[in-house]
Amino acid sequence: MAIADTTENESEQNLFITVSGTPGSGVTTLCRGLADALGCGYVSGGELFREIAEERGLSLSQLTARAGESEELDRALDRRLRTIAETWGTANKGFILESRLAGWLAGNRADLRIWLDAPEEVRLDRTEDRDEMAAEMQVREAVDAARYESYYGIDIEDRSIYDLALNSARWGESALLGLVLNAVREYDPVADEGEFVVPEFEP
């Protein structure tokens, strides 16, 4: 989706946006669409996790299991994501950071924080052709929620820090992208009366 207005595009490119959500909710699809439409950089926490799994010769489920047994791997990944957030939070350039914890890790460095979800049956249907099976997805969600609470005191079900929390099953891909792009276009930092403060924590 092209953006014709150059002035508007330049304004949008200065926004640091985080996108988070449940597996199968369309987070990756939305991020790719946003990055393309806004002409900005994009980093995926899921891709970083998969890279680590490949580096260690492990499957995604094996790495998830090990992450649940030890803090070292989880915290290392979260530190990498925090470093990326700190770098782009001061770059004054458009950027999208995607991970389950991206909104919390970026904190008040982010201009806009987005959360996607969808009913479980929809998410399972969307992920049926992935290497990760339904049971593994459910285990990963439970493990992630437990570690966020244990490590950082974060309730991943708390949506209060997000500027947009959307049920992606209610719209098609292009409609969802259009909805979010409209929110990005209409965002005016001068008229912004304040965001929810995100508590700082150390990964």
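Let me start with the salt bridge between Glu-141 and Arg-123, whose side chains meet at 3.1 Å, N to O, where a salt bridge is taken as a side-chain nitrogen of Lys or Arg within 4 Å of a carboxyl oxygen of Asp or Glu. Glu-141 sits in helix 8 and Arg-123 in helix 7 (residues 120-126), so this pair ties together parts that are 18 residues apart in sequence; helices here are DSSP runs of H or I with at least four residues, strands are runs of E with at least two, and both are numbered from the N terminus.

Before I go on, please keep in mind that this is a predicted model, in which local features need pLDDT of at least 70 and side-chain atom pairs count only at pLDDT 80 or more, while totals for chains, interfaces and linings use all residues. Residues are numbered from 1 along each chain as its sequence is written, and side-chain values use heavy atoms, with hydrogens and water left out.

How many salt bridges does the structure hold? The count is 13, and one of them joins Arg-159 to Glu-157, with 3.4 Å between the closest N and O atoms. In that pair Arg-159 is partly exposed at 23% relative accessibility, whereas Glu-157 is exposed at 52%. Elsewhere, salt bridges that share partners join Asp-74, Asp-78, Arg-100, Asp-144 and Arg-147 into one network.

Returning to helix 8, which spans residues 134-152, we find Tyr-152 in it, and Tyr-152 is buried, with a relative accessible area of 11%. Tyr-152 and Glu-202 are 50 residues apart in sequence, yet their C-alpha atoms are 7.8 Å apart in space.

For the chain as a whole, the secondary structure comes to 9 helices and 5 strands, which run from the N terminus as α-β-α-β-α-α-α-β-α-β-α-α-β-α. Of the 203 residues in the protein chain, buried residues make up 44%.

Last, the surface: Glu-47, Glu-51, Glu-54 and Glu-55 form a negative patch, where patches are made of residues with over 30% relative accessible area and no salt bridge, like charges being joined within 9 Å and nonpolar side chains (Val, Leu, Ile, Met, Phe, Trp, Tyr) within 5 Å. Glu-55 lies in helix 3 (residues 45-55), and Glu-55 is exposed, with a relative accessible area of 60%.

Definitions and conventions: Accessible areas come from the Shrake-Rupley method with a 1.4 Å probe; for residues, only the protein chains shown count as cover. Lys and Arg count as positive and Asp and Glu as negative; His and the chain ends are not counted. The place of a charge is taken as NZ of Lys, CZ of Arg, CG of Asp or CD of Glu. Buried means under 20% relative accessible area, exposed over 50%, partly exposed in between (1.4 Å probe, protein chains only).
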